[in-house]
Amino acid sequence: MKFSRRNLIKSFAALGSIGFSTKVLAQDKPNPNNLPPNLPEWTPDLGTGVDENPYGSPSEFESDVIRRNVPWLTASPQSSVNFTPLQDLEGIVTPNGLCFERHHGGVAEINPTDYRLMINGLVDREMIFSLDDLKRFPQVNKFYFLECAANGGMEWKGAQLNGCQYTFGMVHNVQYTGVKLSDLLRETGLKPKAKWVLAEGSDTSGMTRSIPIEKILDDCLIAWAMNGEALRPEQGYPARLVVPGWEGNMWVKWIRRLEFGDKPYMTREETSKYTDLLRDGKARMFTWVMEAKSVVTSPSPEKPILQKGIQQLRGLAWSGKGKIKRVDVSFDGGKNWRTALLHAPIMPKSLVRFTLPFEWSGEELLIQSRAIDETGYVQPYIQELQKIRGKNSIYHNNSIATWLVNKSGKVDNVRLG
Amino acid sequence: MYVWVKIVSALMLTSLITIFSSEASDRAFNLGSIATSQQVKGWDIDVRPDGVGAPIGSGTAFDGEEVFAEQCASCHGDFGEGVDRWPELVGGDGTLNTHDPLKTTGSYWPYASTIFDYIYRAMPFGASQSLSYDETYQIVAYLLYMNDIIDDDFVLSDQNIGLIEMPNQDGFLLPDPRPDVSNINGNPCMENCNVPVKIIGKAKDIDVTPED
C-alpha cells in the first residue's frame with residue numbers, strides 16, 4: 001500500500017514535470033554576463049508599465065513559494081488541507097495568497113450583496129445584518145495567528161513528513177479588520193440563559209461549532225478583511241469568525257449564523273472529529289486553546305545550509321494563551337540551549353519572529369526550538385505528550401521538532417528517543 | 001361601541017409603539033434588521049442532543065437501506081464500510097483503546113442527533129440540504145441499525161431522536177485538563193540537560209513526503 005502510493009506520487013510528479021515545465025526558478029549559478037563589470041540584460045530595455053499588472057503578484061523567480069498539499073492525506077481536495085510555506089517567509093505577516101486552506105466542502109463563492117449574518121436564539125431581538133451593516137459598527141484591527149488543531153498531526157507516532165511546510169504549515173498570521181462580537185451583540189441583546197453560541201458557515205459543509213459565550217464576549221470578531229484587503233474567498237469571503245488563540249476550525253468561514261442557546265450543540269466537528277482520543281479509549285472534548293509552539297523555519301528540510309560560516313537561524317513562535325516570553329534554541333538535540341532574539345512587535349495570540357546567529361563549520365547539528373509563553377508554559381517534547389495522551393491523538397501536537405543538519409548541510413526531520 | 005373599539009385599538013397601538021421604541025433605544029447603533037420567524041425557520045437547521053430543533057419527520061432502517069444505496073453508498077459502501085479513503089460509518093466497536101482505533105457513527109459518535117444534523121446539513125457530499133427530513137431519518141435509522149443500536153423496524157422520528165442511547169455516549173471527558181505537561185513555571189533546563197539524543201526515526205525513510 002505504502003509503496004504503491006509512493007509510486008503513484010512519483011509518477012504524478014513525473015507527469016507534472018513533463019506537462020508543466022514552464023516553471024521559472026532562480027537558477028543555481030549566476031550568469032557572468034549579468035555580473036560586474038558587465039551590463040545586466042535587464043538594464044537596456046524598458047520594463048513593463050503600470051497598466052500591465054493592476055493586481056500585483058510575486059516575482060516569477062519566487063514561483064516555488066506556494067501552498068502545497070499532501071494528495072494521499074484525504075479522499076477529495078474539496079475536503080482537505082494545504083500548507084503555508086513557512087520556510088520561505090520573513091517577519092510575522094503571512095501573505096494572503098499563502099495562508100493555508102482547510103475546507104470541509106470546498107470554497108463557497110458568495111456575492112457580498114447577497115451576504116447575510118443571522119443572529120437568533122436566546123437574544124432579545126433575532127436580527128439579520130448585511131455586510132454593509134457590519135462595516136458600520138465600530139471596527140478593530142488585530143493581528144492573530146490561526147492554527148489548525150491538526151497541525152503536526154502526522155508526527156504523533158514518529159517523524160513522517162520531511163518538511164517544515166508539511167509539519168508546521170497549518171498556521172498563518174494576518175491582521176484582521178472586523179467588528180467585536182461584544183459590540184455586535186449590543187444590537188441584538190442577550191438573554192441571561194444564553195451560555196453557548198452555535199457558529200454556522202454557509203458553505204456546503206455547513207460548518208458548525210459551539211463556542212462558550214465568555215469567549216465570544218471576550219475577544220471574538222466577525223472579520224471582513226485580512227492584511228488590509230477583503231478576505232480571500234478561501235478564507236471565508238465576505239465574512240468569517242475570528243476566535244483568537246483557539247483551534248482553527250472554530251473560526252467559521254463564510255459565516256451565516258450565530259445561534260445562542262443554553263447548552264452546547266455537539267456538532268459533528270466537536271464530537272466525532274476535533275476530539276482527542278486517549279490511550280484508554282476515552283476522548284477529550286472541547287480542547288480549544290492552541291498551546292505554545294515554535295519552529296525553526298531556516299535551516300529546515302527545505303532550507304539546507306549552503307556554505308560554512310555565519311548563519312542566521314530563523315523561526316516562528318506563538319501561543320494561544322497570550323504573548324511569547326522567550327524562545328530557546330538548541331544545536332545538540334536539547335542538551336544545551338541558547339536564547340534567541342525576539343523581534344518586535346510581540347503581540348498576544350500572534351506569531352512572533354525569532355532569529356539567532358550561529359557559526360557552522362560542517363559538523364552535524366540537531367536543531368530544536370522551544371517556546372515559553374507569558375503563563376510560564378514551556379513547549380514540551382512529544383514523549384511527554386505521548387506519556388499522558390498516548391499515540392492515537394491527531395490534534396494538539398505542539399511538541400518540539402528536531403532538524404538534523406548533516407555534514408553536507410542538508411536537513412532532515414528526525415525523531416529523537 | 002364602534003368608537004370604543006377604535007379608542008382601545010389606538011391605545012394598543014400607542015403601547016406597541018412605546019414597547020418598540022423602548023426596544024429600539026436599547027439598540028446601540030440601530031443597524032441591521034429584525035429577522036422574521038419565517039427567515040429564522042429557513043436557516044435554523046441544527047438539532048441538539050436533547051432533540052431540540054429536530055424537524056418533524058420519521059423513518060425506519062428498512063426504508064433507509066434503499067435511500068442509503070442511492071445517496072450514500074458510492075462513497076461509504078452499501079454497508080457503511082467506506083470506499084477508497086471515504087469514511088467508514090459502521091463497526092469499530094471495542095477498537096478505541098487499541099493501536100488502530102476505528103471511529104464510526106456506531107463506535108465513537110456520542111449522539112444520534114449529531115448524525116441527523118450532519119447528514120441533513122452537509123450530505124450527500126456536494127448536494128447538501130437536498131434530502132427530505134424523512135429521507136434523513138431513514139438514513140440515520142439505517143446507520144443505527146447497522147451499528148446494532150436499533151432494530152430495522154424502529155421508527156426514528158423527531159419525537160425520539162433525543163432519546164437514542166449511543167454506545168460511546170459516556171466516552172468523552174470534560175473539561176479540558178491542559179496544561180497537562182510538567183513544565184509550566186517558565187524555567188526549563190538550559191545546560192547539560194538529560195534528554196535522549198539518539199535518532200530513532202527519519203521522515204525521509206518513511207518516504208511519504210510529496211515531491212515537487
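In chain A, three strands form an open sheet in the order S1-S2-S3 with antiparallel pairing, where two strands count as paired if DSSP finds at least two bridges between them and where helices (H or I, at least four residues) and strands (E, at least two) are DSSP runs numbered from the N terminus. This is a predicted model, in which local features need pLDDT of at least 70 and side-chain atom pairs count only at pLDDT 80 or more, while totals for chains, interfaces and linings use all residues. Residues are numbered from 1 along each chain as its sequence is written, chains are lettered from A in the order in which they are written, and side-chain values use heavy atoms, with hydrogens and water left out.

**Sheet in chain A**
- The edge strands are S1 (68-69) and S3 (102-103) of chain A, each of which pairs on one side only.
- Strand S2 (residues 80-83) of chain A pairs with S3(A) in the antiparallel sense over two bridges, and Val81(A) stands opposite Arg102(A) in S3(A).

**Interface of chain B and chain A**
- The contact (heavy atoms within 4.5 Å) takes 107 residues from chain A and 81 residues from chain B.
- About 8,200 Å² is buried between the two chains, with carbon and sulfur atoms giving 56% of this area; buried area is the accessible area (1.4 Å probe) that two parts lose on being put together, summed over both.
- Leu31(B), Trp43(B) and Arg178(B) supply 10% of the area that chain B buries against chain A, more than any other three residues.

**Polar and charged pairs across the interface**
- The rule for salt bridges (a side-chain nitrogen of Lys or Arg within 4 Å of a carboxyl oxygen of Asp or Glu) finds eleven across the interface of chain B and chain A.
- Lys263(A) forms a salt bridge with Asp50(B), their closest N and O atoms being 3.3 Å apart.
- On the side of chain B that touches chain A, 40 residues are nonpolar, 20 polar and 21 charged, with Ala, Val, Leu, Ile, Met, Phe, Trp, Tyr, Cys and Pro counted as nonpolar, Asp, Glu, Lys and Arg as charged, and the others, Gly among them, as polar.

**Strand pairing between the chains**
- Strand S15 (residues 283-284) of chain A and S4(B) run parallel and are joined by two bridges, with Arg284(A) opposite Leu173(B) in S4(B).

**Disulfide**
- One disulfide (a pair of cysteine sulfur atoms within 2.5 Å) is counted over all chains, and a disulfide joins Cys189(B) to Cys193(B) with an S to S distance of 2.1 Å.
- The torsion about the S-S bond of Cys189(B) and Cys193(B) is about -100°, so this disulfide is left-handed.
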